[in-house]
Amino acid sequence: MQISTAEVLVSSPGRNFVTLRLTTDDGFAGLGDATLNGRELAVAAYLSEHVAPLLIGRDAHLIEDTWQYLYRGAYWRRGPVTMAAIAAVDTALWDIKAKVADLPLYQLLGGASRSGLLVYGHASGKDLPDLFDSIREHLAQGYRAIRVQTGVPGLHSVYGVASSANASVGEGGERRYDYEPARAGAIPVEETWDTRAYLRHVPAVLEAVRGEFGPQLPLLHDVHHRLTPIQAAKLGKSLEPYDLFWLEDVTPAENQSALRLVRQHTTTPLAIGEVFNTIWDYRELFEEQLIDYARSAVSHAGGITALRRIFDYAAIYQIKSGVHGPTDVSPVGLAAAIHLGTAIPNFGIQEYMRHSPATHELFRPSYTFADGMLAPSEAPGLGVDYDDAVGQAHPYRAAYLPVNRLLDGTMHDW
Ligand code: KDG
Ligand code: MG
């Protein structure tokens with residue numbers, strides 16, 4: 001069974017997605033997500049110029065060998081662009097293999113270890129009343145775990161906080177406060193950041209949310225890489241009374257040792273890894289048990305083959321999965337995560353922000369969300385179909401993630 005075509009599909013049904021479609025000479029097609037928010041065309045070019053020509057004529061069954069061929073064969077290893085491209089190829093080959101076997105993909109990964117995946121949704125508000133409304137809306141939609149992000153007094157725009165200006169109507173007719181950080185335009189929007197104001201404000205927000213919604217609801221919070229180790233340690237400690245499910249990305253992730261200091265000071269569970277792209281990025285964190293949840297997405301960390309390896313490594317240290325699932329992971333990447341999460345023994349939680357109706361028209365996923373849980377369908381493969389006509393109707397639009405500056409103009413982590 002040889003790969004006969006490799007198509008790189010770029011489309012923007014409201015936001016940009018890069019999708020790889022591999023087809024075999026006997027007519028099977030597989031999809032892979034290669035979306036890298038704000039750098040989409042770099043991965044598209046990497047795939048079409050340097051990877052697609054190498055795939056034509058290869059045996060589509062050779063998933064591991066193809067992974068090694070692309071990883072070792074590039075010589076220039078790792079990095080988000082390379083690993084997103086490899087991820088797309090790997091995912092598409094798994095999709096094909098499962099379709100050939102006429103089985104949903106999770107069956108090829110060892111079968112179901114659970115009946116559904118607990119997910120968390122994104123509640124946010126510029127102030128407490130808005131935030132409470134958003135949490136109530138999520139609970140009404142069935143969510144059983146909630147990420148909480150709020151505005152900070154004095155700051156105009158803060159990561160993770162949707163505004164009513166972004167409201168749209170969801171598939172069930174409900175109001176959705178979509179938070180989409182990438183904004184269309186030729187250059188990134190600039191935001192401002194004040195760490196002291198943030199650190200003063202957040203504990204009071206979590207206290208209020210616990211007061212309103214009780215002790216049972218799992219709550220999460222994303223710091224988005226903005227603190228120094230000692231600031232992160234202080235935040236983790238100050239949030240202990242509110243019993244978070246996890247505190248995410250407290251420091252910029254490339255310095256793994258920073259988490260050692262944070263860990264020495266707090267028992268708040270820590271999650272990290274959405275910007276990691278290989279197993280090596282986790283080595284110190286796993287072996288020293290410095291985190292509790294590994295956050296990589298299938299589409300950013302080299303595909304199903306590589307992420308499975310990361311989670312098996314994590315399992316040795318009782319570290320669980322917490323796969324990244326914002327709207328810039330396409331329904332193809334999310335479906336891959338759902339199949340993997342269904343099979344692995346150390347599943348923790350899955351992020352589920354929910355895609356827009358326009359995105360669902362393009363991808364037509366068959367996974368289901370009910371009672372706060374995602375479940376794969378029984379369709380062969382990933383269970384996602386790409387609609388070419390819809391894809392062609394929405395060409396790429398330049399869009400960037402924001403950049404961040406401190407109040408005095410210094411560039412900061414966003
Ligand atoms: O593209 C950037 C987003 O994927 C990221 O900002 C989302 O931090 C994120 C999260 O936890 O979902
Ligand atoms: Mg995050």
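In what sense do strand E2 and strand E3 pair, and over how many bridges? They pair in the antiparallel sense, over five bridges. Before I go on, please keep in mind that this is a predicted model.

Let me stay with E2 and its two hairpins. Strand E3 covers residues 29–33, and Ala29 in E3 stands opposite Thr23. Four residues separate E2 from E3 in this hairpin, and Gly27 in the turn has a positive phi of about 95°. Val10 has Val18 in E2 as its bridge partner. The E1–E2 hairpin has five residues between the strands, and Gly14 in that turn has a positive phi of about 100°.

As for burial, eight of the eight residues of E2, residues 17–24, are buried, so the strand is largely enclosed by the rest of the structure. In a regular strand, side chains alternate between the two faces of the sheet. Here both faces are covered: Phe17, Thr19, Arg21 and Thr23 are buried on one side, and Val18, Leu20, Leu22 and Thr24 are buried on the other.

Next, the open sheet. Three strands are arranged in the order E9-E19-E20, with mixed pairing. Strand E9 (190–193) and strand E20 (411–412) are at the edges with a single partner strand each, so one side of each has no neighbour in the sheet. E9 pairs with strand E19, residues 403–406, in the parallel sense over four bridges. Within that pairing, Glu190 stands opposite Val403 in E19.

Now a pair of helices. The axes of helix H6, residues 195–213, and helix H7, residues 229–238, come within 10 Å and cross at roughly 15°. The two helices are therefore roughly parallel to each other, and H6 passes H7 in a right-handed crossing. On the H6 side the contact involves Thr195, Tyr198, Leu199, Val202 and Pro203; these meet Gln231, Leu235 and Ser238 in H7.

Technical notes
Residues numbered from 1 in each chain as written. Chains lettered and ligands numbered in written order. Predicted model: local features only at pLDDT ≥ 70, side-chain atom pairs only at ≥ 80, totals over all residues. Heavy atoms only, no water. Pairing = 2+ DSSP bridges. Axes fitted to C-alpha atoms, helices over the stretch in contact; angles between N-to-C directions. Parallel < 35°, antiparallel > 145°, perpendicular 65-115°, else oblique. Left-handed = near helix turned anticlockwise from the far one by under 90°. Contact = heavy atoms within 4.5 Å. Buried < 20%, exposed > 50% of the residue type's maximum accessible area, 1.4 Å probe, protein only.
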